Amino acid sequence: MQTVLITGANRGIGLEMTKQLVYGGNRVFATCRLPEQAEALNQLANENKELVHVVQLDVINDMSVHAAAEAVAAQTNHLDLIINNAGVNFRDSFESFNSDEFLLVLNANGVGAMRVVVEFVDLLRQGSAPKIVNISSQLGSMTAQKPNFGSYAYNASKAVMNMITRHLSFDLASDGITTISMHPGWVQTDMGGSSAAVTPPDSAAGILNVAANLTAADNGKFYIYNGEIHPW
Ligand SMILES: NC(=O)c1ccc[n+]([C@@H]2O[C@H](COP(=O)([O-])OP(=O)(O)OC[C@H]3O[C@@H](n4cnc5c(N)ncnc54)[C@H](OP(=O)(O)O)[C@@H]3O)[C@@H](O)[C@H]2O)c1
């Protein structure tokens, strides 16, 4: 049984990963910023009281992340896997640049993952073959960039996350922690839209399969949910 922390677990890929982990008998600290509105997640938690713990965590709020870490530490002495899944996307362009929106996206998608790792790393250090999976995007790849491929802020935020992955892969290697970035596919969620190519169950299953098979040799890599390597 793995003990897992997921951010943004109330809908989309995060909810689907939570379900699959729980149905596989794993224990999940399923975090979200508004637990009282997380109907599907609360239902899953009610049906699986021993395995699902819903915890308030807003990745852009230092105090919220710190309080969440204290709440989780009161219930477990370790984590085996952290999945930084929470993310936002505002469609922007050169003409519509708005610095407040830009900074919010960088904060949520980039700094948010760093906040979570810093607050939860002591629990992760006590885990078995501990891992961090940062849910990034192909849009954060420098080499994959082309005209009209995503948005300034979103793409930049995922590039920030990718650089954080690289730094963590060096800093936490001596703790035995393997850190990767992951492109989850273009997925049928509120963010991906209904025309997307991949279903949430297929994306979640792929991500969890890659995560389960990671070894120290994968530290610092950028994966696609289907197990292939994504170019940086
Ligand atoms: N869908 C795609 O095609 C696609 C492609 C590449 C990468 N991704 C990445 O995959 C991850 C999951 O995306 P998704 O498709 O499942 O999107 P989604 O359905 O829009 O879900 C986003 C999740 O992030 C949460 N979130 C947003 N801001 C937050 C904050 N400040 N604190 C905590 N949680 C926050 C949301 O919570 P609320 O309900 O409270 O807003 C929600 O649970 C994201 O990182 C996204 O960038 C998605």
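Reader: What does the secondary structure of the protein chain come to?

Author: There are 6 helices and 7 strands in the protein chain. This is a predicted model.

Reader: And which pattern does the chain follow along the sequence?

Author: Reading along the sequence gives β-α-β-α-β-α-β-α-β-α-β-α-β.

Reader: What is the radius of gyration, and what would a compact globule have?

Author: The protein chain has 16 Å. A compact globule of 232 residues would have a value near 17 Å, so the two agree. Along the principal axes, the C-alpha atoms fill a box of roughly 50 × 40 × 35 Å.

Reader: How much of the chain is buried?

Author: Buried residues are 47% of the 232. As for contacts with a separation of 6 or more, 67% of them are between residues 24 or more positions apart.

Reader: Let's take α2. Which of its residues are buried?

Author: L41, L44 and A45 are buried in helix α2, which spans residues 39-47. They lie on the same side of α2, because the arc they cover around the axis is only 100 degrees.

Reader: Why would residues a few places apart point the same way?

Author: An α-helix has 3.6 residues a turn, so residues three or four places apart point the same way.

Reader: Which residues are on the other side of α2?

Author: E39, Q43, N46 and E47 are there, and they are exposed.

Reader: What covers the buried residues of α2?

Author: The cover includes α1, β2 (27-32) and β3 (52-56).

Reader: Staying with β2, how many of its residues are buried?

Author: Of the 6 residues in β2, 5 are buried, so the strand is mostly covered.

Reader: In which sense do β1 and β2 pair?

Author: Strand β1, residues 3-6, pairs with β2 in the parallel sense, over 4 bridges. I6 stands opposite A30 of β2.

Reader: Changing topic: which residues come nearest to the ligand?

Author: G8, G12, A86, G87 and G192 come nearest, out of 28 residues around the ligand.

Reader: Which element gives the largest share of that shell?

Author: Helix α1, residues 12-23, gives the largest share, with 3 residues. Helix α1 is also among the elements that cover the buried residues of α2.

Reader: How do the shell residues divide into nonpolar, polar and charged?

Author: The shell around the ligand has 14 nonpolar, 10 polar and 4 charged residues.

Terms used
Residues numbered from 1 in each chain as written. Predicted model: local features only at pLDDT ≥ 70, side-chain atom pairs only at ≥ 80, totals over all residues. Helix = DSSP H or I, 4+ residues; strand = E, 2+ residues; numbered from the N terminus. Rg over C-alpha atoms; globule rule 2.2 N^0.38 Å. Buried ≥ 20, exposed ≤ 12 C-beta atoms within 10 Å, placed from the backbone. Contact = placed C-beta atoms within 7 Å. Near = placed C-beta within 6 Å. Nonpolar A, V, L, I, M, F, W, Y, C, P; charged D, E, K, R; others polar. Arc of directions from axis to C-beta. Pairing = 2+ DSSP bridges.
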